[in-house]
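This report is written for someone meeting the model for the first time.

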Amino acid sequence: MDRIDIAKLFDRSRSQLRDEIVGLVLRQSFWQQRFGPEIIDRLALDIVEGSLSALSKSIRYGAPMLFADQVRWHRDQLQAVGGSTGHVREICTDIWNVASAHLAESTLAAISAPIQSAFDGLSYAGVAQRLGVFHADLAEALVAATADAHWHWQAIYGPGGRDRALYEMWFFVDYVIDTLGSGKPDILRRELIWMRNDLTSRGLSTLHVRQLAWLLDQEVAARLPGEAAADLRHVMEVALPAIDDHNESCRALLGAQELIVAEVADHLTTAGLSPHSDQTPAEVGWYLAYLADSIAAGTPGPMCNYTRWMQHWLSDQGLPDTPLRYSYEVLYRAVGQHLPESASREAMAVIQAAQRLL
């Protein structure tokens with residue numbers, strides 16, 4: 001069967017292929033979470049239909065770059081609104097899976113050549129390429145340090161949620177690679193803002209997003225020291241201010257956090273309520289993280305939700321909530337002492353709301 005006949009056969013199946021591909025793509029929650037239900041028509045008519053049309057031309061003319069150019073164009077469009085290279089690769093994979101399931105084996109070589117050309121064309125050079133070699137390893141390392149190791153992350157993913165955690169961490173690394181490869185810092189800025197909104201809605205804090213950035217920095221430095229690690233650190237330093245809270249009270253809390261953490265941790269250790277004194281400052285730091293998110297949001301919700309989490313966690317360990325009660329008492333006094341009057345009023349009101357749950 002020659003190229004013209006394969007292209008004609010492909011075109012006769014395009015409507016069915018498009019609908020099945022769109023169905024597969026929409027199994028990933030990213031699309032409707034990020035863009036709403038209106039993305040369905042755009043996905044079908046612009047992205048998938050446009051890709052299939054370009055693929056047909058590539059087959060007909062024996063020119064794989066026609067499809068590869070279309071795919072790169074789609075990546076540019078998606079990157080500008082919050083997508084990444086990984087999402088484009090998923091669509092290309094879905095196109096191949098559906099086409100290979102429906103069309104004769106004799107047609108597949110002509111179809112696979114443009115798709116492989118598209119995959120090749122999505123690769124970057126330089127530091128982004130070097131980082132891409134460790135893409136899956138970095139995602140696995142992030143999961144090991146978060147969802148495998150800390151109950152905060154385990155609480156949002158649940159006992160069977162490791163695959164979801166790995167998927168999300170893979171895409172976090174993907175956005176970093178896109179930022180390095182494209183030289184567009186807005187890609188990572190937008191993703192960090194999205195991650196903050198998403199993770200805080202699920203019970204984590206802004207500090208957890210920063211933690212991911214720090215962990216990735218450490219993992220990259222261990223694998224690619226020198227220029228690559230420096231480049232990553234630079235893009236993180238440029239992007240992370242996007243999730244800073246510019247509220248005056250938040251800035252005051254940030255400026256005083258070391259004093260407050262040290263004071264509360266010291267009281268807990270002295271009172272015998274902190275058996276692992278080396279971990280106490282970190283635990284107190286989480287209280288401040290949720291306190292800061294509450295002040296920034298103008299509602300005690302984040303700290304109240306974390307308080308409920310802590311109660312459940314302590315109960316699961318067979319422990320009373322005495323350390324939590326005492327921590328909030330000391331924290332209440334500390335913010336009153338170390339923050340300006342207006343900031344301390346806001347902070348104390350949030351802490352009081354959380355104390356009422358105990």
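## Terms and the enclosed space

Helices, in the sense used here, are DSSP runs of H or I with at least four residues, numbered from the N terminus. The model is a predicted one, and one cavity of 30 Å³ or more is counted in it, with about 40 Å³ of space lying in that largest cavity.

Which helix gives the most to the lining of the largest cavity? That helix is α6, which contributes four residues, while α4 (39-61), α5 (64-79) and α6 (85-102) each supply at least two. The residues that line the cavity are Ile 47, Ser 51, Val 71, His 74, Val 88, Ile 91, Cys 92 and Ile 95, and by residue class the lining holds six nonpolar residues, two polar ones and no charged ones.

## The chain as a whole

The protein chain contains 19 helices and zero strands, and its C-alpha trace spans about 80 × 40 × 35 Å along the principal axes. Of its 358 residues, 48% count as buried, and the accessible surface comes to about 16,600 Å², with 52% of that area belonging to carbon and sulfur atoms. Among contacts with a separation of 6 or more, 71% are between residues 24 or more positions apart.

In soluble globular proteins, nonpolar side chains tend to be buried together. In this model the largest nonpolar core has 76 residues, and the members that touch the most others are Phe 172, Leu 216, Ile 260 and Met 303.

What does Leu 216 touch, when residues up to four places away in sequence are not counted? Its partners are Leu 138, Leu 142, Phe 172, Val 173, Val 176, Leu 232 and Met 236, and one of these, Phe 172, is also listed with Leu 216 among the core members that touch the most others.

Thr 179 has its place in helix α11, which covers residues 162-182. Is Thr 179 buried or exposed? It counts as buried because its relative accessibility is 3%, and the cut-off for buried is under 20%. Leaving aside residues up to four places away in sequence, Thr 179 touches Lys 184, Pro 185, Ile 187, Leu 188 and Val 235.

Ala 165 also lies in helix α11, and it is buried, with a relative accessible area of 0%. With residues up to four places away in sequence again set aside, the contacts of Ala 165 are Val 143, Ala 147 and Tyr 157. Ala 165 and Ala 44, by comparison, are 121 residues apart in sequence and 28 Å apart in space, taken from C-alpha to C-alpha.

## A buried residue in a loop

Where does Thr 146 lie? Thr 146 is found in the loop between α9 (135-145) and α10 (151-157), and it counts as buried because its relative accessibility is 0%.

When residues up to four places away in sequence are not counted, Thr 146 touches Trp 153, Met 169, Leu 212 and Leu 215.

Definitions and conventions
Residues numbered from 1 in each chain as written. Predicted model: local features only at pLDDT ≥ 70, side-chain atom pairs only at ≥ 80, totals over all residues. Heavy atoms only, no water. Core = buried A, V, L, I, M, F, W, Y, C linked by side-chain atoms within 4.5 Å. Buried < 20%, exposed > 50% of the residue type's maximum accessible area, 1.4 Å probe, protein only. Contact = heavy atoms within 4.5 Å. 1 Å grid on protein atoms, 1.4 Å probe; cavity = no way out; pocket = protein on both sides within 12 Å on 5 of 7 lines; lining within 4 Å. Points joined across faces, edges and corners; volume = space filled by probe spheres on them. Nonpolar A, V, L, I, M, F, W, Y, C, P; charged D, E, K, R; others polar. Areas by Shrake-Rupley, 256 points an atom, 1.4 Å probe, with all protein chains shown as cover.
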